[in-house]
Amino acid sequence: MSTPNAPVTDEKSAPRSNPFRSFNFSTRFWVSLVIVVAVVVLGLAGLLYPTGSGEKVGSLYDAPGGGLPLGTDNFGHDVLAVLMAGTRTSLIIGLVAGTIATAIGVAVGLVAGFVGGWLEEVLMGITNVVLAIPSIIVLILISISLPQSSIWSLAVVIGITAWPWTARAVRAQASSVATREHIDVARLSGARLPSILLVDVLPYILSYAVMAFVLQVSGAILAESALSMLGLGPSGTDSLGTQLHWALAFQAVATGAWWAFLPPTIVLTLVSFGFLLLQASLDEVFNPRLRRGKKKQMKQAAARRAKEAAALAAGEQAPAAGADPRPVPTSAGGAA
Amino acid sequence: MNLGRYILQKTGWYLVALVAAVGLNFLLPRLVPGNPVDVIVSNLTRGGSITGEQQQQIYETYVAEFGLDKPLWEQFFTYLGKVFTGDLGTSFANYPASVNDLVGQALPWSVAVQLPAILIGWVLGNLVGAIAAFRGGNWDRSVFTSSLFLSSMPYYCLSILLLYVLAVVAGVFPVGGAYSLGLTPELSAEFLWDAVSYYWLPFLSLVIVFIGGQAVGMRSMAIYELGGDYVNYARAMGIRDNTITKYIFRNAMLPQITGLALSIGTLVGGALITELVFNYPGVGTLLFNAISQNDYPVIQAITLIITVAVLLANFVVEIVYGFVDPRIRAAKSGEK
């Protein structure tokens with residue numbers, strides 16, 4: 001192996017050794033990931049925490065201290081234990097409802113956008129009607145009609161009311177994919193509609209589906225807490241919303257018992273901000289056009305282009321640097 | 001597509017949405033297993049304060065009012081007839097108070113908080129977003145991050161934080177309620193002055209989140225418009241920056257009008273719980289009390305009023321949009 005070839009193979013192998021390098025994750029992505037992971041860890045930590053969320057360990061609003069890092073709530077339960085259990089419940093509801101909402105939204109959007117015609121008119125008509133009615137109202141109406149609400153029924157209810165905007169976003173994407181040539185190829189080769197939808201259309205909108213899912217999860221968590229604060233939460237279970245509900249009902253804010261209401265408030269804020277930020281940064285990863293390059297990167301790119309131009313101008317004696325354009329973007333990704 | 005058809009089509013869709021909403025409002029609470037009046041009356045009398053004779057009287061009132069002895073479709077028309085003549089029924093929990101009176105007392109408080117919050121928040125949010133986009137640099141970055149944070153924050157989380165920090169800890173504002181004890185709502189200077197001091201917190205917590213949401217949208221629209229061909233052209237023609245800014249602002253404003261339509265529903269939903277946090281005597285608090293007492297007529301009246309208000313607001317916004325932007329009428333056939 002001759003020496004001039006060695007750096008080229010190095011650069012070529014670099015992106016393969018680390019598949020994430022080509023994704024060009026931003027700082028924003030890592031910040032949001034840390035927030036989301038922290039919330040998940042908080043929820044899971046409750047499984048290991050010695051005190052149960054229903055265990056009475058003190059009296060009304062004992063201040064933090066003495067083995068109770070966040071004091072007690074109005075029932076005399078350990079706030080930290082309730083917070084962990086509540087976070088877990090909220091996450092479960094968020095995941096289940098988010099999955100349901102994304103699945104319905106993607107299915108409706110795919111069919112409407114791809115098939116078109118009267119089916120699209122009808123499906124999008126329904127979507128727009130459901131979108132126009134505030135979802136919290138539908139949630140309230142369904143919840144008061146349910147004789148007993150568990151976290152599962154609540155998750156399903158939230159899921160089946162939250163899909164319309166996902167359907168609308170997916171429809172727009174699917175109808176643009178429908179006009180591409182590979183769809184004609186699939187049709188000519190005799191593929192049926194379900195297979196075309198799943199194999200030839202779905203992969204193109206998967207990134208949107210993932211982002212929609214992220215937003216649906218946080219939306220569902222917030223919807224659950226809104227319902228719980230109105231008194232329609234899951235009965236007999238702790239969630240972030242029921243925790244706030246009881247804190248408000250027992251005047252925690254007015255009496256200054258900050259440990260009873262600040263933790264769920266902060267976790268809810270972190271959930272909504274973290275998931276929104278995660279969605280925004282995933283958007284940047286999937287959609288390179290949205291990346292507003294950092295100054296440093298742009299300077300590097302400009303310097304690199306200048307170098308390339310100089311190498312080209314210097315003549316053909318340096319084929320290793322000029323012939324292969326690929327190492328250039330990967331090295332830029334590595335530098336960022 | 002001309003303006004007349006646009007308006008006609010929108011009117012059609014909103015009528016469908018209205019019928020769907022009224023239908024849901026009618027149907028869902030009737031899905032409660034068993035005769036809802038039986039359940040409610042037995043719940044009501046469990047306290048023991050109501051004699052058998054009163055119970056019978058209450059029972060008969062409700063059966064007659066809802067027409068429960070008649071088939072479902074007839075009940076629906078009874079319901080429709082009552083709704084359209086403005087009769088919202090009789091409260092279960094505060095028998096024999098009429099729902100109209102209860103809602104009538106609560107509604108002015110909610111409107112007084114929400115309407116200014118929507119209008120002021122929309123104008124300020126757009127200004128802030130536009131300035132952030134034009135200025136760029138650090139100003140943009142700090143405005144964008146804080147707006148994103150605020151807009152992602154649930155209304156009630158900010159409410160709780162504001163209530164705790166500004167009212168409980170700092171003592172700048174009164175803690176909860178809408179006016180001081182001992183005063184009765186009346187149109188006197190003394191009462192209004194007192195009510196204003198209670199007004200600030202709910203108003204602020206709605207308007208701040210709303211400003212954030214609008215600013216995020218306006219910023220990205222303005223950045224998009226900054227790269228438009230007409231901007232380059234205007235620059236090349238030597239048109240002054242102020243004039244170009246005006247062009248950009250007007251173009252970027254358009255999608256913000258639809259943005260307003262979409263956010264009204266969320267704000268109204270968020271405001272329900274904000275009122276709860278501040279114990280503000282508006283529709284949200286009334287709804288909360290009604291839910292805790294299984295007061296179906298009141299719940300249904302509130303959900304109906306909110307739905308109609310949100311649909312009406314969205315409808316007005318869309319019609320205004322049709323007048324303001326000629327493109328929407330041209331492009332409408334494509335975008336559903």
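Visitor: Is A223(A) buried or exposed in this structure?
Guide: In this predicted model, A223(A) sits in helix α9 (residues 193-229) of chain A. A residue is buried if 20 or more other C-beta atoms lie within 10 Å of its own. A223(A) has 28 C-beta neighbours inside 10 Å, so A223(A) counts as buried.

Visitor: Which residues is A223(A) in contact with, leaving aside its neighbours within four places in sequence?
Guide: The place of A223(A) is in α9 of chain A. With neighbours within four places in sequence left aside, the contacts of A223(A) are L139(A), I158(A) and A162(A).

Visitor: How many Å apart in space are A223(A) and A112(A), C-alpha to C-alpha?
Guide: A112(A) belongs to the contact that α3(A) makes with α4(A), whereas A223(A) is in helix α9 of chain A. In sequence, A223(A) and A112(A) are 111 residues apart. In space, C-alpha to C-alpha, the separation is 27 Å.

Visitor: At what angle do helix α3 and helix α4 of chain A pack?
Guide: Two packed helices are described by the angle between their axes and the distance between the axes. For α3 (residues 79-115) and α4 (residues 117-132) of chain A, the axes are 7 Å apart. The crossing of α3(A) and α4(A) is left-handed. The packing angle is about 145 degrees.

Visitor: How do the residues of the contact of α3(A) with α4(A) divide into nonpolar, polar and charged?
Guide: From α3(A) come V108(A), V111(A), A112(A) and V115(A). From α4(A) come G117(A), L119(A), E120(A), L123(A), M124(A) and T127(A). The division is seven nonpolar, two polar and one charged.

Visitor: Is the crossing of α5(B) and α10(B) left-handed or right-handed?
Guide: The axes of helix α5 (residues 99-135) of chain B and α10(B) come within 9 Å. They cross at roughly 145 degrees. The crossing of α5(B) and α10(B) is right-handed.

Visitor: How many residues of the contact of α5(B) with α10(B) are nonpolar?
Guide: On the α5(B) side the residues include V113(B), I118(B), W122(B) and F134(B). On the α10(B) side they include F249(B), M253(B), L260(B) and E275(B). The contact has five polar residues and one charged residue, and the nonpolar ones number 13.

Visitor: Where in α8(B) does a kink lie?
Guide: Helix α8 (residues 189-226) of chain B has 38 residues, and a straight helix of that length would span 56 Å at 1.5 Å a residue. Between its end C-alpha atoms, α8(B) spans only 48 Å. A kink of about 35 degrees lies shortly before the proline P202(B), at Y199(B).

Visitor: How far does helix α4 of chain B reach from its first C-alpha to its last?
Guide: Helix α4 (residues 72-84) of chain B has 13 residues. α4(B) is followed by G86(B), which has a positive phi near 80 degrees. The reach of α4(B) is close to the expected value at 1.5 Å a residue, and comes to 18 Å.

Visitor: Does N279(B) count as buried or exposed?
Guide: N279(B) lies in the loop between α10 and α11 of chain B. Phi of N279(B) is positive, near 55 degrees, in a residue other than glycine. Most residues other than glycine have a negative phi. With 20 C-beta neighbours inside 10 Å, N279(B) meets the cut-off and therefore counts as buried.

Visitor: What does Q251(A) count as, with 16 C-beta neighbours inside 10 Å?
Guide: Q251(A) lies in the loop between α10 (240-249) and α11 (258-286) of chain A. Q251(A) is not a glycine, yet has a positive phi of about 55 degrees. A residue is buried at 20 or more neighbours and exposed at 12 or fewer. Q251(A) has 16, so Q251(A) counts as partly exposed.

Visitor: Which element gives the largest share of the side of chain B that touches chain A?
Guide: The contact takes 33 residues from chain A and 45 residues from chain B. The residues on the chain B side divide into 35 nonpolar, nine polar and one charged. The largest share of that side, 10 residues, comes from α1(B).

Visitor: What percentage of the 336 residues in chain A is buried?
Guide: Chain A has 14 helices and zero strands. Among its contacts between residues at least 6 apart in sequence, 72% join residues at least 24 apart. Buried residues make up 43%.

Terms used: Residues numbered from 1 in each chain as written. Chains lettered and ligands numbered in written order. Predicted model: local features only at pLDDT ≥ 70, side-chain atom pairs only at ≥ 80, totals over all residues. Axes fitted to C-alpha atoms, helices over the stretch in contact; angles between N-to-C directions. Helix = DSSP H or I, 4+ residues; strand = E, 2+ residues; numbered from the N terminus. Left-handed = near helix turned anticlockwise from the far one by under 90°. Contact = placed C-beta atoms within 7 Å. Nonpolar A, V, L, I, M, F, W, Y, C, P; charged D, E, K, R; others polar. Expected span 1.5 Å × (residues − 1). Bend = angle between axes of the 7 residues up to and from the residue.
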